[in-house]
Amino acid sequence: MKLAYWPGCVSRGFTPELHGSMSKIAPLLDLELVELDRANCSGAGVIAEHNQELVDTLNARTFAMAQQVDGAAGMMNICSTCQGAQSECQERLDASSAYRSEVNDHLQPEGLTYQAGGDWWNKNFLWILVEEIGLGTLSDRIKRPLEGMRIAPFYGCYIVRPTKRLGFDEHPGRDEYLGQVIECLGAEPVEYAGARKCCGFPVITMNRTTSLRQAGRHVADALDAGADCIVTPCPLCHLNLDLQQPAAAQYVERDLGLAVLHLPQMVGLALGLEPKELGLGKHVVSTREVVRKVAQLAAA
């Protein structure tokens with residue numbers, strides 16, 4: 001399947017192991033990714049608070065670039081924050097031809113036009129795994145089932161609500177996909193209170209205490225539920241749960257130390273790739289225990 005690929009800002013900056021691991025697993029899943037290397041930030045919901053037309057123009061630009069990729073089935077992102085922000089913009093653009101025309105006027109100097117309607121779509125990698133590739137096909141590609149591992153899914157905010165905007169009418173199971181993928185890979189999905197709550201990242205610059213307390217509580221809940229690690233489809237969630245975890249531990253007044261994986265890293269482990277290839281050594285919180293369990297699986 002050929003896809004226009006929008007990796008987002010964070011996966012090429014703060015979390016390059018996410019972008020790298022996605023590039024490693026794509027050919028193993030028969031995905032041909034055409035990277036939109038001139039695309040811009042989705043706004044992450046922040047720009048829209050100050051200038052809605054600006055953020056809609058930025059995302060319309062990305063959509064228009066994706067629509068120019070010959071033979072692409074649609075556009076894929078690897079950031080659920082981008083998914084939420086882009087879905088919001090697409091909803092506004094598709095709802096009004098007059099507004100869409102106004103936004104497209106801003107794109108004229110680059111020869112770009114966003115076309116609404118038709119079969120074109122923008123989907124997070126998690127959705128593509130389930131809806132386009134299929135869990136059956138994914139299961140057939142597994143080389144090293146993650147048996148015996150207990151993995152806590154962390155969806156975050158932007159990929160589960162608002163449900164209408166995110167296509168839950170057509171795909172009502174989207175808030176269960178991450179658990180389904182974990183199970184498909186041979187691991188046990190761990191249910192815990194914070195799985196579908198905010199990681200706290202959106203408020204960290206305004207209220208650091210609240211943000212880190214949220215992150216710490218989610219990690220603590222996953223630990224108490226017996227998780228070996230957390231997995232998330234959102235690099236911004238990863239920043240708060242992994243990068244900020246040592247600081248967050250102070251706000252929940254306990255030791256944490258729970259590894260947080262990117263979704264493509266977890267999939268890559270099951271597809272037989274080695275931890276080093278997937279950048280597991282680049283996390284702030286050590287992934288040593290995850291690597292040890294994977295080594296045991298390989299030995300078995």
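So, E253: at 73% relative accessibility this residue counts as exposed, where exposed means over 50% relative accessible area, buried means under 20%, and partly exposed is in between, with a 1.4 Å probe and protein chains only. E253 has a positive phi of about 55° although it is not a glycine. You'll find E253 in the loop between helix 10 (245-252) and strand 8. Helices here are DSSP runs of H or I with at least four residues, strands are runs of E with at least two, and both are numbered from the N terminus.

Quick housekeeping. This is a predicted model, so local features need pLDDT of at least 70 and side-chain atom pairs count only at pLDDT 80 or more, while totals for chains, interfaces and linings use all residues. Residues are numbered from 1 along each chain as its sequence is written, and side-chain values use heavy atoms, with hydrogens and water left out.

D30 is another non-glycine with a positive phi, about 60°. D30 sits in the loop between helix 1 and strand 2 (32-35), and is partly exposed, with a relative accessible area of 45%. Then there's a cis peptide bond between R161 and P162, with omega about 0°. P162 lies in the loop between strand 5 and helix 7.

Now the inside. Which residues have the most contacts inside the largest nonpolar core? They are F125, L263 and M266, in a core of 50 residues. By nonpolar core I mean a set of buried Ala, Val, Leu, Ile, Met, Phe, Trp, Tyr and Cys residues joined through side-chain atoms within 4.5 Å. Several elements each supply at least two residues of this core, including strand 1 (2-6), helix 1 (16-25), helix 5 (125-133) and helix 11 (263-270). Helix 5 gives the largest share, 7 residues. Look at F125: leaving out residues up to four places away in sequence, F125 touches M22, I25, L29, L31, M76, N77, I78, L263, P264 and V267. Contact there means heavy atoms within 4.5 Å. Apart from that core lies another one, of 47 residues, with V10, V103, L212 and A222 among them.

Helix 11 deserves a moment. 8 of the 8 residues of helix 11 are buried, so this helix is largely enclosed by the rest of the structure. After helix 11 comes G272, with a positive phi near 100°.

Further along, E277 is in the loop between helix 11 and helix 12. E277 counts as partly exposed, at 35% relative accessibility. The E277 side chain reaches the backbone nitrogen of E274 at 2.9 Å; the cut-off for a polar contact is a pair of N or O atoms within 3.5 Å, where within protein one must be able to donate a hydrogen and the other to accept it, and residues adjacent in sequence count only if both atoms are side-chain atoms.

On to strand 7. C229 and V231 point one way, I230 and T232 the other, and all are buried. Strand 7 pairs with strand 5 (residues 150-153) in the parallel sense over 3 bridges, pairing being at least two DSSP bridges between two strands. I230 is the bridge partner of A152. Strand 7 also runs parallel to strand 8 (residues 260-262), joined by 3 bridges, and there V231 stands opposite L261.

Last topic, rings. How many aromatic pairs does the structure hold? The structure holds 3, with Phe, Tyr and Trp (its six-membered ring) pairing if the centres lie within 6.5 Å; planes under 30 degrees apart are stacked, over 60 edge-to-face, and the rest tilted. F63 and Y114 make a tilted pair, 5.5 Å centre to centre with 50° between the planes. F63 is in helix 2 (residues 52-67) and Y114 in the loop between helix 4 (97-107) and strand 4 (122-124), 51 residues apart. Y114 also pairs edge-to-face with W120, at 6.2 Å and 70°. Ring pairs therefore link F63, Y114 and W120 into a cluster.

And two charges over rings: R174 lies over the face of W127, at 3.5 Å from the ring centre, and the charged end of K123 sits over the ring of W121, 5.0 Å from its centre. The cut-off is NZ of Lys or CZ of Arg within 6 Å of the ring centre and within 35 degrees of the ring normal.
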